[in-house]
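The following briefing concerns a single protein chain. Please examine the sequence and the structure before reading the notes below.

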Amino acid sequence: MIAAFSKEKFGFTIDKVEDDFSVRALRRITGTFEAPRFISQTKLDVPDATLTFDDDGNPVRDGTLTAPFTLILPRAAESGPVKLLVFGHGFLGTGAGELGGTGGSYVQDFLDEKGFAAVATDWSGLSAYEGIDPEGSSAAALAVKDMNHLNWISDRLMQAAINVSTLAH
(Lines give C-alpha, C1' and ligand atoms only; values in the text may rest on other atoms or scores of the structure.)
Protein backbone atom coordinates (compact mmCIF):
# COMPACT_ATOMS: atom_id res chain seq x y z
CA MET A 1 0.00 0.00 0.00
CA ILE A 2 2.73 2.48 0.95
CA ALA A 3 4.63 1.96 -2.31
CA ALA A 4 1.58 3.20 -4.22
CA PHE A 5 2.18 6.76 -3.05
CA SER A 6 5.83 6.89 -1.99
CA LYS A 7 6.91 9.18 -4.86
CA GLU A 8 4.09 11.68 -4.42
CA LYS A 9 4.47 14.95 -2.56
CA PHE A 10 1.85 15.53 0.09
CA GLY A 11 1.33 19.01 1.42
CA PHE A 12 0.99 20.45 4.86
CA THR A 13 -0.43 23.66 6.26
CA ILE A 14 0.81 25.43 9.36
CA ASP A 15 -2.13 26.88 11.23
CA LYS A 16 -0.42 28.21 14.35
CA VAL A 17 3.10 28.80 15.68
CA GLU A 18 3.38 29.39 19.44
CA ASP A 19 6.81 30.60 20.60
CA ASP A 20 7.88 30.18 24.24
CA PHE A 21 5.13 27.58 24.51
CA SER A 22 6.13 26.22 27.92
CA VAL A 23 9.05 25.98 30.32
CA ARG A 24 10.45 22.98 28.35
CA ALA A 25 9.05 23.74 24.86
CA LEU A 26 10.58 26.48 22.75
CA ARG A 27 7.82 26.26 20.16
CA ARG A 28 4.61 24.40 19.33
CA ILE A 29 3.45 24.23 15.73
CA THR A 30 0.02 22.94 14.78
CA GLY A 31 -1.49 22.36 11.39
CA THR A 32 -2.73 19.78 8.94
CA PHE A 33 -1.26 17.52 6.30
CA GLU A 34 -2.58 15.54 3.37
CA ALA A 35 -2.40 11.74 3.39
CA PRO A 36 -3.65 9.09 0.95
CA ARG A 37 -7.21 8.10 1.79
CA PHE A 38 -8.16 4.42 1.88
CA ILE A 39 -11.14 4.71 4.23
CA SER A 40 -14.74 5.17 3.13
CA GLN A 41 -15.30 8.44 4.98
CA THR A 42 -13.43 10.76 7.34
CA LYS A 43 -16.14 12.68 9.21
CA LEU A 44 -15.29 12.63 12.92
CA ASP A 45 -18.95 12.41 13.95
CA VAL A 46 -19.91 9.41 11.75
CA PRO A 47 -19.16 5.97 13.21
CA ASP A 48 -19.30 3.84 10.04
CA ALA A 49 -15.91 4.06 8.32
CA THR A 50 -14.36 1.09 6.56
CA LEU A 51 -11.56 0.40 4.12
CA THR A 52 -12.59 0.26 0.48
CA PHE A 53 -11.50 -2.83 -1.48
CA ASP A 54 -11.42 -3.74 -5.18
CA ASP A 55 -12.75 -7.02 -6.58
CA ASP A 56 -9.44 -8.76 -5.80
CA GLY A 57 -9.57 -7.72 -2.15
CA ASN A 58 -6.90 -5.01 -2.42
CA PRO A 59 -7.39 -1.66 -0.65
CA VAL A 60 -8.45 1.13 -3.01
CA ARG A 61 -7.13 4.64 -2.65
CA ASP A 62 -9.76 7.35 -2.90
CA GLY A 63 -7.91 10.65 -3.10
CA THR A 64 -6.49 12.27 0.02
CA LEU A 65 -7.66 13.29 3.46
CA THR A 66 -6.64 16.08 5.79
CA ALA A 67 -5.21 15.06 9.17
CA PRO A 68 -4.00 17.21 12.10
CA PHE A 69 -0.43 17.39 13.35
CA THR A 70 1.27 18.94 16.36
CA LEU A 71 5.02 19.51 16.64
CA ILE A 72 6.89 20.36 19.83
CA LEU A 73 10.37 21.86 19.52
CA PRO A 74 12.13 21.59 22.89
CA ARG A 75 14.31 24.28 24.44
CA ALA A 76 17.25 21.90 23.87
CA ALA A 77 17.14 23.10 20.23
CA GLU A 78 18.60 26.42 21.40
CA SER A 79 21.88 24.57 22.11
CA GLY A 80 22.08 22.61 18.87
CA PRO A 81 20.31 20.12 16.62
CA VAL A 82 17.66 17.77 17.98
CA LYS A 83 16.39 14.47 16.60
CA LEU A 84 12.82 13.96 15.38
CA LEU A 85 10.47 11.58 17.18
CA VAL A 86 7.16 10.55 15.58
CA PHE A 87 4.83 10.21 18.54
CA GLY A 88 1.51 8.43 19.11
CA HIS A 89 -1.01 9.05 21.84
CA GLY A 90 -2.74 7.27 24.65
CA PHE A 91 -5.93 5.24 24.47
CA LEU A 92 -8.79 7.44 23.19
CA GLY A 93 -6.60 10.54 23.23
CA THR A 94 -5.15 12.96 20.67
CA GLY A 95 -1.66 13.70 19.44
CA ALA A 96 -1.88 17.29 20.64
CA GLY A 97 -3.21 16.23 24.03
CA GLU A 98 -0.45 13.71 24.64
CA LEU A 99 2.30 16.24 23.80
CA GLY A 100 0.88 18.52 26.48
CA GLY A 101 -0.13 22.13 26.86
CA THR A 102 1.42 25.33 28.10
CA GLY A 103 1.66 23.90 31.62
CA GLY A 104 4.13 21.30 30.34
CA SER A 105 3.99 17.51 30.42
CA TYR A 106 6.13 14.46 31.01
CA VAL A 107 6.57 14.26 27.22
CA GLN A 108 7.88 17.82 27.01
CA ASP A 109 10.27 17.05 29.89
CA PHE A 110 11.55 13.96 28.05
CA LEU A 111 11.94 15.79 24.72
CA ASP A 112 13.93 18.60 26.30
CA GLU A 113 16.11 16.32 28.46
CA LYS A 114 16.92 13.88 25.63
CA GLY A 115 17.12 16.33 22.72
CA PHE A 116 14.11 15.33 20.61
CA ALA A 117 11.48 17.30 18.75
CA ALA A 118 8.19 15.38 18.50
CA VAL A 119 5.51 15.40 15.86
CA ALA A 120 2.17 13.70 16.46
CA THR A 121 -1.17 13.12 14.78
CA ASP A 122 -4.39 11.49 15.94
CA TRP A 123 -4.52 7.69 15.69
CA SER A 124 -7.97 7.40 14.18
CA GLY A 125 -9.74 4.28 15.36
CA LEU A 126 -8.66 4.77 18.96
CA SER A 127 -8.60 8.56 19.21
CA ALA A 128 -10.76 10.74 21.42
CA TYR A 129 -13.26 11.08 18.56
CA GLU A 130 -14.01 7.34 18.50
CA GLY A 131 -14.53 7.22 22.26
CA ILE A 132 -17.25 9.04 24.13
CA ASP A 133 -16.35 12.58 23.04
CA PRO A 134 -19.70 14.32 22.39
CA GLU A 135 -18.34 15.81 19.16
CA GLY A 136 -17.03 12.46 17.95
CA SER A 137 -18.54 9.36 16.38
CA SER A 138 -18.33 7.01 19.41
CA ALA A 139 -17.29 4.35 16.86
CA ALA A 140 -15.09 2.44 19.33
CA ALA A 141 -17.74 2.56 22.04
CA LEU A 142 -20.40 1.34 19.58
CA ALA A 143 -18.12 -1.41 18.22
CA VAL A 144 -17.48 -2.76 21.71
CA LYS A 145 -21.26 -3.04 22.19
CA ASP A 146 -21.73 -4.77 18.80
CA MET A 147 -18.71 -6.75 17.59
CA ASN A 148 -20.15 -6.74 14.04
CA HIS A 149 -18.78 -3.20 13.88
CA LEU A 150 -15.26 -3.99 15.09
CA ASN A 151 -13.95 -2.97 11.66
CA TRP A 152 -14.97 0.60 12.49
CA ILE A 153 -11.95 0.51 14.79
CA SER A 154 -9.55 -1.75 12.87
CA ASP A 155 -10.07 -0.11 9.48
CA ARG A 156 -9.58 3.34 10.96
CA LEU A 157 -6.37 2.06 12.59
CA MET A 158 -5.09 0.99 9.16
CA GLN A 159 -5.78 4.51 7.90
CA ALA A 160 -4.03 5.89 10.99
CA ALA A 161 -0.90 3.88 10.12
CA ILE A 162 -0.96 5.39 6.62
CA ASN A 163 -1.41 8.87 8.12
CA VAL A 164 1.54 8.45 10.48
CA SER A 165 3.74 7.01 7.71
CA THR A 166 2.88 9.99 5.53
CA LEU A 167 3.54 12.43 8.38
CA ALA A 168 6.93 10.86 9.05
CA HIS A 169 7.82 10.99 5.37
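In what order do the 5 strands of the open sheet lie? The order is 1-2-3-5-4, and the pairing is mixed; two strands count as paired if DSSP finds at least two bridges between them. The model is predicted, so local features need pLDDT of at least 70 and side-chain atom pairs count only at pLDDT 80 or more, whereas totals for chains, interfaces and linings use all residues. Residues are numbered from 1 along each chain as its sequence is written, and side-chain values use heavy atoms, with hydrogens and water left out.

**Overall chain**

- The chain contains 4 helices and 5 strands, which follow one another from the N terminus as β-β-β-β-α-α-β-α-α. Helices (H or I, at least four residues) and strands (E, at least two) are DSSP runs numbered from the N terminus.
- Along the principal axes, the C-alpha atoms fill a box of roughly 55 × 40 × 25 Å.
- Of the 169 residues, 41% are buried, where buried means under 20% relative accessible area (1.4 Å probe, protein chains only).
- Among contacts between residues at least 6 apart in sequence, 69% join residues at least 24 apart; contact means heavy atoms within 4.5 Å.

**Sheet and helices**

- Strand 1 (12-19) and strand 4 (83-87) stand at the edges with a single partner strand each, so one side of each has no neighbour in the sheet.
- Neighbouring strands of this sheet are turned by 20° against each other on average, direction ignored. Axes are lines fitted to C-alpha atoms, for helices over the stretch in contact, and angles run from 0 to 180 degrees between N-to-C directions.
- Strand 4 runs parallel to strand 5 (residues 116-120), and 5 bridges join the two. Within strand 5, Phe 116 is the bridge partner of Lys 83.
- Helix 2 (residues 106-114) lies across strand 2 (25-36), strand 3 (64-74), strand 4 and strand 5, at about 140° to strand 5.
- Helix 4 (residues 151-168) also lies across strands 2, 3, 4 and 5, and runs at about 120° to strand 2.

**Nonpolar cores**

- The largest nonpolar core has 9 residues, among them Phe 21, Ile 72, Leu 99, Leu 111 and Phe 116. Such a core is a set of buried Ala, Val, Leu, Ile, Met, Phe, Trp, Tyr and Cys residues joined through side-chain atoms within 4.5 Å.
- Helix 2 and strand 5 each supply at least two residues of this core, and strand 5 gives the most, with 3 residues.
- A second, separate core of 8 residues includes Ile 29, Phe 33, Ala 35 and Ala 67.

**Selected residues**

- Phe 69 lies in strand 3 and is buried, with a relative accessible area of 9%. Not counting residues up to four places away in sequence, Phe 69 touches residues including Phe 12, Ile 29, Phe 33, Ala 120 and Leu 167.
- Arg 75 is placed in the loop between strand 3 and strand 4.
- With residues up to four places away in sequence not counted, the contacts of Arg 75 include Asp 20, Phe 21, Ser 22 and Asp 112.

Definitions and conventions: Buried means under 20% relative accessible area, exposed over 50%, partly exposed in between (1.4 Å probe, protein chains only).
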